[in-house]
Amino acid sequence: MISEGDQNSIFNTIKASFTRPSWAILLLIFAVLTLFTLQITNKSVFPIPPLFPATIENSGTGSGFGGPKSCSGFFTEVPPRKVVKSIVEFGGVGDGTTSNTAAFRAAMAYMESFTDTGGAQLNVPRGRWLTGNFNLTSNLTLFLEEGAVILGSEDPEDWPIIEPLPSYGRGRERLGGRHISLIHGNNLTNVVITGQNGTIDGQGKMWWDLWWNRTLEHTRGHLVELINSHNILISNLTFRNSPFWTIHPVYCSNVLIKNMTILAPLKAPNTDGIDPDSSMNVCIEDCYIESGDDLVAVKSGWDQYGITMARPSSNIIIRRVSGTTPTCSGVGIGSEMSGGISNVIVEDLHVRDSAAGIRIKTDKGRGGYIENITINNIKMERVKIPLRFSRGANDHPDEGWDPKALPQVKGIVVSNVVSLDTKKAPLLEGIEGSPVEGICMKNISIVGLAPSMAWSCEFVSGYSYDVWPKPCQQLQKNDSIPWCSCT
């Protein structure tokens, strides 16, 4: 510690020397600032290198010095479209009852003719535009003006059946094919879905009733699904009432989803908010989500089909997401993870009134891996189980799954977590023969537990530092790996 007298002496020396600046003076100033910094920070001068690659964590364009971090650089900005048309020019009628399926499909066919000359933009003005499925094209901007609402048709025939994804081998809910998404795209580049807070409403109640009544014949469609696509932006809109998972980028790269509001009734089944699936370089930030399932779920294929395809999800950033789900988690990783999931950052998450905060889900037969997961700065309120690693859903596509295909889970860092009005202690369960390894828990406060409640752990190992209440014995090693105690 530098005394006050020493500090004054150093500054007087600097002041006296200002009339003859030199490299020595600059070095002295630098030394003083460094010494003062050491007195006001508890961080290491030589921090341990981050587990997450710097090129990923720092990707994107920030908002200036001191502004929030952003991974928006995953998306490469597209120039303004030279061709701009309105859905009205293709016969669209925004009265909420007239079908606009033909109009949207005609508009997409027209837009496709400009794919090689800079692309085109389709504007949807104020009104209620009922439609069945339509497929997007490359180099397209779909722009919903203020007050514009695209309504999904309530006729299942307007959601045609398509082939199952190869990494799933069948529909996720039913054998065979699956209903196409309302807004769909395959093998696309440079697609923007945005607007002035317009709305896309899937009108999912009919589909949820089929599920509840056990009369669903094929897997429900998503609100938006993009397959094998690159450089995608979805922003500044409200998505409501998806029949199934709301936004599903699968086999995609360089996807930016930001400033979105995603809403579904809290008992609407499987209405996940955003599910990046076998995709890389995905940025999800500044979104509010209410759903009947996970707010965000990272996936990569199902059992033997995902193992065979081996298409991982990697380089995923989930930042500044908030919301509620009474049945599932704020962020889930898995359980469909057979192609592998790695390099995921979850930070600045706010989850309230939910079943779980962070959940890592695996099972026998999944194979694959989950590794290098960084979870930081999480606030939870009235969350039943704040941290959960679970197993044994006994959920498999068919009889061809391999019970010997065990997932490998390691390198999970969880830090700076506060959970208020908590109902249950963390539950961490690995799989016998394939434990979760390399867990690091640090600076975690679980508030509201009854004194009798304790962490429950099985087939896990790792380290902890500044965790309250005391974690399970398997995590009470804090002196063997210095990186876990660094804050």
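Is Trp-468 buried or exposed? With 54% relative accessibility, Trp-468 counts as exposed (over 50% is exposed, under 20% buried, partly exposed in between; 1.4 Å probe, protein chains only). Some notes from going through the model follow.

1. Ground rules. This is a predicted model, where local features need pLDDT of at least 70, side-chain atom pairs count only at pLDDT 80 or more, and totals for chains, interfaces and linings use all residues. Residues are numbered from 1 along each chain as its sequence is written, and side-chain values use heavy atoms, with hydrogens and water left out.

2. Confidence. Mean pLDDT (the predictor's confidence in each residue, from 0 to 100) is 88 for the chain, and 85% of residues reach 70 or more.

3. The Trp-468 patch. Trp-468 sits in strand S31, residues 460–468 (strands are DSSP E runs of at least two residues, helices H or I runs of at least four, both numbered from the N terminus). Together with Val-418, Leu-420 and Val-447, Trp-468 makes a nonpolar surface patch of about 340 Å². Patch members have over 30% relative accessible area and no salt bridge; nonpolar side chains (Val, Leu, Ile, Met, Phe, Trp, Tyr) are joined within 5 Å, like charges within 9 Å. Areas come from Shrake-Rupley with a 1.4 Å probe, and for residues only the protein chains shown count as cover.

4. The open sheet. Four strands run in the order S5-S10-S13-S16, with parallel pairing (a pair needs at least two DSSP bridges). S5 (134–135) and S16 (247–250) are the edges, each with a single partner strand, so one side of each has no neighbour in the sheet. Inside, S10 (183–186) and S13 (224–227) pair over four bridges, with Ile-183 opposite Val-224.

5. Salt bridges. There are 20 (a Lys or Arg side-chain nitrogen within 4 Å of an Asp or Glu carboxyl oxygen). One joins Asp-209 and Lys-205 at 2.8 Å, N to O; both lie in helix H5 (205–212), four residues apart, about one turn. Asp-209 is partly exposed at 29%, whereas Lys-205 is exposed at 52%.

6. Links across strands. Glu-285 meets Arg-320 at 3.7 Å; Glu-285 is in S19 (280–290) and Arg-320 in S21 (313–324), so the pair ties together parts 35 residues apart in sequence. Glu-285 is buried, at 0%. Glu-285 and Arg-320 also belong to a salt-bridge network that includes Lys-69, Lys-258 and Glu-347.
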